[in-house]
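Let's take a walk through this model together, one stop at a time. Have the sequence and the 3D view open as you read.

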Amino acid sequence: MMDFEYQPYGGGAAQATTNQPDHYFGGSYGGGVQSISRREIIEHFAEFRRAIHEGPVTLVQHYYNSNYETMIQNYNTEWPSAEALKEHVGDDALFLTLYKEMYFRHIYASKPGGVSLEERQESYMNYIDLFNLVLAKDQPLKIELPDQWLWDIIEEFIYQFQSFCNFRTKLAKRTDDDIEHLKRNIKIWNVHAVLNVMHSLVDKSRIVEQLEAAKKRSLIGLLKLHTLTSDYYMALKTIECIDLDVTKQNDVCQVFHCIVATNYHAGFCYSMMRNYDDAIRVFVDTLLYIQRSKPIMVAQTFQNDAVNKTADQMMTLLAICLTLNPMRIDETIYLHLKEKFLDKLPKPLLWVGPDGKLPFRDSFAYACPKFISPAPTIFEQRNDSQWAEPFNRQIEVFTEELQEQAYIPDVRSYLKLYTTMNIEKLASFMEKTPQEVKPLLLTFKHKLSGNDAAEKTEEDFQSSADIDFYVDKDIIYIADTKITRRYSDYLVKQILKYQELTRTISEGLTPRHAGNK
Amino acid sequence: MPSVSQSRTNTRAEEVAKKLKGIERYNPNCRPMLEEYVQYQIDNHFYDFDANMALLKMYQFDPSNFQGDKVADILLLALTNLPKPDFLLCKYLLDAQKCQENSRVVEALHFSELLESCRFQEFWEQLERASVKIPGFEDRIREFICQTINRTYQTISRQELQLALGRLTTNEFEGLIKTRGWKILPDDATYIWIVNHEENIKSRNIVEKIKFEHVAPVMNIV
């Protein structure tokens, strides 16, 4: 009997093609593992179903969360098929489609590389059924699903679409049968259908208040979809009405990993559009938010891995953005960043290694979403080029952008050394002619100045770029912004920490009397 | 300067925007309309980035419909909106191979590279050899160049400025200087005064201000 280790699927960065090793938990493991009988599982789901219909929504949330824990502890049991459940709970179409959604989610999670074409197709048909029920014109949905579940459904829907795109473009591994089947069923997981579902959810929820949360989730789903198909403009436009600011939290967006995923994608779009200021701001705010929320994270174990991975990806992107657009950011984030991420990036970014390759590509490949191509697959090309093409295109364009900015770091480092500098001097430092240097100065200004200096307030300077300049005839006048170190925050934190420490120690030293505590 | 009244172009823009709402944006039947609309923008001196992106998206979804010339037009229009990153956003949606197959697209990509790295003189030389049939194109590019010069220079040499602004007659050149409020230096006609940066670009030393709220938590301990 082969047992599968439960592998949580990534929120935004799922690797559909890694094969997880199968762990064999034989009799020697015995001991603490309880096995639940099939009967108990079915009863559990019957209870779950009742909770869904009767509420309250918090009970549903409880059952929903405990589902995975229950199943994880049972290496020997597979999820019962929907038909088996039907016998016990009756013909409850809504519950069964919801159940099947979780069932397939488990399949995708437990064998990410090995989901068969039939399973993908069945899962897709189930989603269509589910959304048809939800979007039914005459009957509004009578049940209330917890936000987290809603988000998980939408996220999983997009993830499976992404997985399918990978599946149909990695033609080197596909069997002839599979290819025939794919050719005959091009409507399955078709991009138009997916977009249609998302947009319908958004539209429907304008009418039905209950679906307000669904609307926000669907918009975020669209954000993700557009980012995956490299339409950063539409991605950001779609979430215009959603306030991403993690420092102001309102009820609707309480799902932790949803917030993280949203900000990751938004930040990524900003970086691709050369809007480094906003990208940096979004990443730093979200990373601080994750730090603060660590206590809550412990409770939702199976999503933690996904959030941690997204956090690492954001750190990598943040490191890249800061290299291109240096500015001051929060000390704690900066220290962590420097240690683990900044120092790992090649300097300069586009440095070519001895093997003729760009090491920067690896960092970018880790940090970026797994792009897909929405175009129809050309099945005759039996290789993986159509799978690789979206990523290659994105990194190529991003690299071209970086090449246009290639000399800016050098210019910056020379300018930092002086308060005034003759253009000739700068040219000789950089081993170029003055005629070549002047466009570099113009490019510096073009690429990196967001606001005009005149409009900046003192607060803006706290976080803005460290250097500015202008050219008068042949002389460059340089202004730098020195900010004295903020000691107050650090000192306050330390004082509070020591106070806590002192208190803990003195409590520990108090002699214990019998009967205390 | 629109050759057609503003209200007519606005109505057309509104019509198109309506057709692109929600899922309809991806409806392949919209494609011919969007393609015509690109020409409409060129003929009427205006620019609708959203509609153009919708068309590029359609080409992405269905590469068999890719129209190189339309893509070239869209890219050139995007250049007129510099310094905004419209061109960059378009690039991400384009199939690299198909782009290489159309000479006008290749040309547009080259223009972008020159303008983004501020090699203005080279750009004008390149433009001479090309035939860009978008009325008002040169003016918009000049506007971008002037903005960038404005940000960078306080005083610039006349010769430098002339090269950066491309083929202008002396009258046109002097007219432009006047319009932008620039001035030929009275004591040295080889230089032109752009704007006063000295006031705004100064070294600053920002000293930390400790607010009471920050230290309140520790007041009772210390």
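**Starting with one helix**

Find helix H11 of chain B, residues 170–179, where B:Phe173, B:Leu176 and B:Ile177 are buried. Those three cover an arc of only 100° around the axis, so they sit on the same side of H11(B). (The arc is taken from the directions that run from the helix axis to the C-beta atoms. Buried means under 20% relative accessible area, exposed means over 50%, and partly exposed is in between, with a 1.4 Å probe and protein chains only.) Helices (H or I, at least four residues) and strands (E, at least two) are DSSP runs, numbered from the N terminus.

Before going on, keep in mind that this is a predicted model, in which local features need pLDDT of at least 70 and side-chain atom pairs count only at pLDDT 80 or more, while totals for chains, interfaces and linings use all residues. Residues are numbered from 1 along each chain as its sequence is written, chains are lettered from A and ligands numbered from 1 in the order in which they are written, and side-chain values use heavy atoms, with hydrogens and water left out.

Back to H11(B). What do its buried residues pack against? Their partners are helix H9 (137–152), helix H10 (158–165), strand S2 (183–184) and strand S3 (191–193), which belong to chain B; contact here means heavy atoms within 4.5 Å. On the face turned away from the buried side you'll find the exposed residues B:Asn171, B:Lys178 and B:Thr179. After H11(B) comes B:Gly181, which has a positive phi near 75°.

Next, look at strand S1 of chain B, residues 153–157. S1(B) is mostly covered, with 5 of its 5 residues buried. Within chain B, S1(B) pairs with S3(B) in the antiparallel sense over 3 bridges, and B:Ser157 stands opposite B:Tyr191 in S3(B). (Two strands pair if DSSP finds at least two bridges between them.)

S1(B) also reaches over to chain A: 2 bridges join it to S2(A), and these two strands run parallel. In that pairing, A:Val471 stands opposite B:Tyr153, and A:Asp472 has B:Thr155 as its bridge partner. S2(A), residues 467–472, is mostly covered too, with 5 of its 6 residues buried.

**Where the two chains meet**

Zoom out to the whole interface. Here 59 residues of chain B are in contact with 68 residues of chain A. The area buried between the chains is about 5800 Å², and carbon and sulfur atoms give 59% of that. (Buried area is the accessible area, with a 1.4 Å probe, that two parts lose on being put together, summed over both.)

How many salt bridges are there between chain B and chain A? The count is 6, where a salt bridge is a side-chain nitrogen of Lys or Arg within 4 Å of a carboxyl oxygen of Asp or Glu. You can see a salt bridge between the side chains of A:Lys438 and B:Glu160, at 2.8 Å from N to O. The largest share comes from H3(B), with 6 residues.

Over all chains, a search of the whole structure finds 30 salt bridges. One joins the side chains of A:Lys183 and A:Glu380, at 3.4 Å from N to O. That pair links distant parts of the chain, 197 residues apart: A:Lys183 is in helix H7(A), and A:Glu380 is in the loop between helix H16(A) and helix H17(A). A:Lys183 is partly exposed at 36% relative accessible area, whereas A:Glu380 is exposed at 56%.

Now go back to S2(A) for another pair. The side chains of A:Lys445 and A:Asp468 meet in a salt bridge, 2.7 Å from N to O. A:Lys445 lies in helix H20(A) and A:Asp468 in strand S2(A), so this pair ties together parts that are 23 residues apart in sequence. A:Lys445 is buried, with a relative accessible area of 5%.

For a last stop, look for a network of salt bridges that links A:Arg274, A:Glu401, A:Glu404, A:Lys447 and B:Glu116.
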